[in-house]
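Hi everyone, thanks for coming.

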Amino acid sequence: MQFQFTHVVGSLPLALNATQYTNAAGESFYVKTFKYYVSNIKFIRADGSEYAQPESYYLVNEGDSASKTFTIPNVPIGTYTGVNFMIGVDSTRNVSGAQTGALDALNDMFWSWKTGYIFVKMEGTSPSSTASGNRIEYHIGGFQNPNNIRTATFSLGNNKLYIKSDSTSSIHFQTDVGQLFQTPNLIKFAETPALMTEPKTADIADNYSDMFSIVSIQTGNP
């Protein structure tokens with residue numbers, strides 16, 4: 001099973017440091033960094049039972065094109081009607097010490113000044129920002145209750161996933177950076193140019209639970 005991610009801002013493709021975008025408050029901005037964790041992936045069958053991928057942690061990074069496509073091996077053969085994944089890193093892994101792969105601290109997604117992973121990181125600039133250098137900077141994490149872990153859930157409807165032994169299926173997701181700042185909570189760069197600590201970070205966490213949509217599904221026949 002293959003997951004593919006394409007990043008956009010509204011109707012425009014995301015281009016780091018190259019394209020000027022406008023947020024829902026009418027403020028222009030550029031994106032320098034955009035990356036996030038996808039973890040704890042589950043596939044849901046029609047009867048409600050689930051297959052949860054073990055060791056399911058992926059860092060998706062616009063600055064690393066290879067990270068935007070990954071393969072989930074050994075999904076059991078069968079028919080699936082839904083999928084969900086966590087945006088962030090679960091509490092167990094947040095307190096498990098030094099780790100490797102996607103969870104390596106060298107990926108610059110782990111706070112050295114407090115325990116825990118950054119779930120979503122977006123950095124850039126905006127003329128509306130009152131921070132030094134007109135920077136905008138949002139590092140959203142927090143695994144303790146209340147936490148900023150969110151789950152993206154998709155019901156596939158008639159586009160069921162048919163996992164077979166002789167083929168690879170795929171889902172192409174679209175991730176909208178602009179969604180970080182608009183629904184249900186409008187974030188204005190002029191008022192909040194940077195966020196790294198609770199409780200205000202929950203406003204963006206509530207927004208990023210809906211920043212994913214499915215573009216297409218390729219699957220074998222039943």
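**A glutamine and some rings**

The side chains of Q53 and Y58 are joined by a polar contact of 2.7 Å. By polar contact I mean N or O atoms within 3.5 Å, where within protein one must be able to donate a hydrogen and the other to accept it, and residues adjacent in sequence count only if both atoms are side-chain atoms. This is a predicted model, where local features need pLDDT of at least 70, side-chain atom pairs count only at pLDDT 80 or more, and totals for chains, interfaces and linings use all residues. Residues are numbered from 1 along each chain as its sequence is written, and side-chain values use heavy atoms, with hydrogens and water left out.

Back to our glutamine: the Q53 side chain also makes a polar contact with the side chain of S56, at 2.9 Å. Is Q53 buried or exposed? Q53 counts as buried because its relative accessibility is 10%; buried is under 20% relative accessible area, exposed over 50%, and partly exposed in between, with a 1.4 Å probe and protein chains only.

Now the rings. Those of Phe, Tyr and Trp (its six-membered ring) pair if their centres lie within 6.5 Å; planes under 30 degrees apart are stacked, over 60 edge-to-face, and the rest tilted. By this rule there are 27 aromatic pairs. One of them is F43 with Y51, with centres 6.4 Å apart and planes at 20°, so this pair is stacked. F43 is buried, at 0% relative accessibility, and Y51 is buried too, at 15%. F85 and F154 make a tilted pair, 5.9 Å centre to centre with 40° between the planes. Both F85 and F154 are buried.
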